[in-house]
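These are my notes from an afternoon of looking things up in one model.

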Amino acid sequence: MNSRFSGPVSAPPRARTVSPARARARAIRTRLRIVPRAAWVCALVALANGLAWSLITPPFQVPDENAHYAYVQQLVQTGDLPHPATPAGALSPQQDATLSAIDFYWMVGRPYNPAPFTDLQQHAIEQVASEKLSARGTGDALTADNNPPLYYAIEAVPYMLMPGGGVLDRLALMRAVSALMGAITVLLVFMFLRELLPSRRWAWSAGALLVAFQPMFAFISGGVNNDNLLYLAATGILWALARAFRRGLDRGGGLLLGAFLGFGLVAKLNLLGFLPALALALLLLLRRSWASPDARREALRGAGAAVLLGAAPLVVYELLAHLLWNRGAVPIDVVTGRGAAVLHKFNFRGELSHIWELYFAPLGHMRDQFPHLLPIWDTWFRGLVGRFGWLDYEFPEWTSWTVLGVAGALVTLALGELARCRHALRRRIGELAVYAGLLAGLCVEIGIESYHTYIQTGGQFEQPRYLLPMIGLYAAIVALAVRFGGRRFGPALAAAVVVLAIGHDLYAQAITIARYYA
Amino acid sequence: MTLARSVVVAGLLAIAVAAGLVLSRSAPRRSGTDVIPAENFVEPLARGEQLCQSHEQLPADTQAVRLLIDAHGQPVGRLGVRFTGGAGQIITTGALRAGSAQGIVRIPLSLVRDTSEARFCLRNYGPSTIRLAGASDQPGVSLSIGRHLIEDQSVRVEYMRPGRESWLALTGALAHRFSLGRAFFMSAWALPAALLLLAISISGAVYLLTRESA
């Protein structure tokens, strides 16, 4: 019998005193139960795969890992953010000596040079670790200088967990935290698909597992790189948007959206590219609830919460950067770089053309800005199929053609599913426009940075991993494709796609082992 | 068995067969390199001359060196190779018979038992001048031809294990290489741990696929 309805026949039972900590833990457990077990399993799969990548990839062989490590070291050792030096300053003696000992400078960009093979090299590495060199450098964190500090503040925890540890010991723990972020991203992909495409649970698992086994994603999640927190935040935004479009915008939904946006912006500024589409989303969500006064009030609260929470961390960062850390939020001017002369003069039409040509063939009046490559194929598609290390090894080209065939089949199936659900699609066209807008905004943001790098250095900026914030949409295409199989063939289609992804991931790990250890 | 389970079983079998084929394929395997990039050719080595460079890390289990040689389109003449230790003692020697085509050449050595720092010397016994690939503008390295010291140049030397080996036969060496340059708490078990984690991730995926198709 429920004790609430039992009369006072005897002395009332003594209320069990529950400590606030225990009550909080129970509340957290209750909240976590809203996440299906399948989502946790997908996250565990991603965590295990990310950790495997972190062990397979030698230290500092994830792009810019040396710079990201230097940022964390600077933050922990001085409490200060990095300050760019002109020309680029030295890292700490401890990190520099370790990089030399592991042959870092001989390996980067030289796929024919393996990781250390001999005990003599190991002896040199151990000698550097035992020398207790200074962990303070010039304060420069190279390519990471411009990043906001949230990812590095989180990575400071594993760094500090090993007070007497060497660079490689700390890096290993920091990589584990990145893998954890990758796992949370996969969990959020599952939650996003659950809101976006209700009623076919195996499609959610298939989409989330595809992300867990996407080699480029897993490779990055096994390394120290602030992209990991960016992917998490961007996927969280997708989930919050899908949730709001399905259930209506309320204060809770607004807080969720604002929180992911807020911490995402202070993880990496690339997320600024999301802002126009997010503004459109808020307008559409407000318009939808405008007819009913209650819903309108709730939606306004939600929108307000999203805007406030989304902007607050960036504002706080801007203030702290100026007042406490004595630097701008973006200390290196992306146009003029480190004070070096600009190679090409800025030209707005040239910039527009550059952004366009990063993704499409040049139009009639445009100068071909990438005469020796087709970015959509060479940079983006082949890169996302798998280009690893410091972009110095990749699959043979036939692999990309094979993946193109599979991807073409999946996109066709996904379009078939959209055609089948065209009535529902018509109702959700605004939501679809928002997702397309997020992708477009990100592409434009990448294009702007790419153009500024081009006029500043003549070099290439864009890397395939910059598109991974939209990995939730990739999962959505896969989930749509397997839904096309219906209840009868859908699970088998999902199984086939995931097994192919497992094979792709194992193949990527095999070429990585061949690259560094054979 | 449901269709999805059949697909999972067939797919995993296909992966296992593919992995088996790859792992059993034999090829010459490296025991190390001196990490010098083969980007240019260093100073030419005329008939009878000897080129030497120090501070080579000669790995254990080496039974050949691999060099990239330009002989101006002619067959490469006879070459002699010698590695000596700090006290001048000979660690290993080998020779290439005359007549090899230019390009990547493999010069057999007597088997090296232990890793040691060594001085590498190569003598050109052939009739014509050859050029060896390496770095020609690399600060901090040097080589000598005869008594002539040449700064900023070094030859790329690749060290090769005996014969041809499959990946499976190389497992012990791979596990050792995985343990190098790691955090102290994972060095010995880096490869087994990576394999275990992969097994966990694949098992999790299979569990989910088969459970949800039931």
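**Entry 1**

I began with A:F60, which is buried, with 26 other C-beta atoms within 10 Å. The cut-off for calling a residue buried is 20 or more such atoms. I note here that the model is predicted. I then looked up where A:F60 sits: it is in the loop between α2 and α3 (65–78) of chain A. The phi angle of A:F60 is near 65°, which is positive although the residue is not glycine. I wrote down the background for this: most residues other than glycine have a negative phi.

My second case was A:L142. Its phi is near 50°, again a positive value in a residue other than glycine. A:L142 lies in the loop between α6 and α7 (150–161) of chain A.

**Entry 2: where chain A touches chain B**

I looked up the contacts between the chains next. On the chain A side there are 48 residues in contact with 45 residues of chain B. Which elements of chain A give two or more residues to this side? I listed α2 (37–56), α6 (119–130), α8 (167–196), α9 (201–212) and α21 (486–517) of chain A. The most comes from α21(A), with 12 residues. By type, the residues on the side of chain A that touches chain B are 36 nonpolar, 7 polar and 5 charged.

**Entry 3: the overall form of chain B**

I turned to chain B as a whole. I counted its secondary structure as 3 helices and 15 strands. The radius of gyration of chain B is 23 Å, whereas the globule rule gives 17 Å for 214 residues, so chain B is more spread out than a compact globule. I also noted the span of its C-alpha trace along the principal axes, about 75 × 40 × 30 Å.

Chain B is divided into two domains: domain 1 (3–25 + 166–213) and domain 2 (30–163). How far apart do the C-alpha centres of domain 1 and domain 2 of chain B lie? I read off 38 Å. Of the 214 residues of chain B, 34% count as buried. Among the contacts in chain B between residues at least 6 apart in sequence, 75% join residues at least 24 apart.

**Entry 4: a sheet in chain B**

My last entry is on an open sheet of 6 strands in chain B, in the order β7-β6-β9-β4-β11-β12, with antiparallel pairing. At the edges are β7 (90–96) and β12 (148–151) of chain B, each pairing on one side only. From one strand to the next, the twist averages 25°.

I then went through some of the pairs. Strand β4 (residues 50–58) of chain B is joined to strand β9 (residues 116–124) of chain B by 7 bridges, and the two run antiparallel. B:Q53 stands opposite B:F120 in β9(B). Between β4(B) and β11(B), also antiparallel, I found 2 bridges. There B:C52 stands opposite B:S144 in β11(B). Strand β11 (residues 142–145) of chain B pairs with β12(B) over 4 bridges, in the antiparallel sense. B:S144 also stands opposite B:L149 in β12(B).

Methods. Residues are numbered from 1 along each chain as its sequence is written. Chains are lettered from A and ligands numbered from 1 in the order in which they are written. This is a predicted model: local features need pLDDT of at least 70, side-chain atom pairs count only at pLDDT 80 or more; totals for chains, interfaces and linings use all residues. Two residues are in contact if their C-beta atoms, placed from the backbone, lie within 7 Å. Ala, Val, Leu, Ile, Met, Phe, Trp, Tyr, Cys and Pro count as nonpolar, Asp, Glu, Lys and Arg as charged, and the others, Gly among them, as polar. Two strands pair if DSSP finds at least two bridges between them. Axes are lines fitted to C-alpha atoms, for helices over the stretch in contact, and angles run from 0 to 180 degrees between N-to-C directions. Domain bounds come from an automatic or database domain assignment. The radius of gyration is taken over C-alpha atoms; the globule rule is 2.2 Å times the number of residues to the power 0.38. A residue is buried if 20 or more other C-beta atoms lie within 10 Å of its own, exposed if 12 or fewer, and partly exposed in between; C-beta atoms are placed from the backbone.
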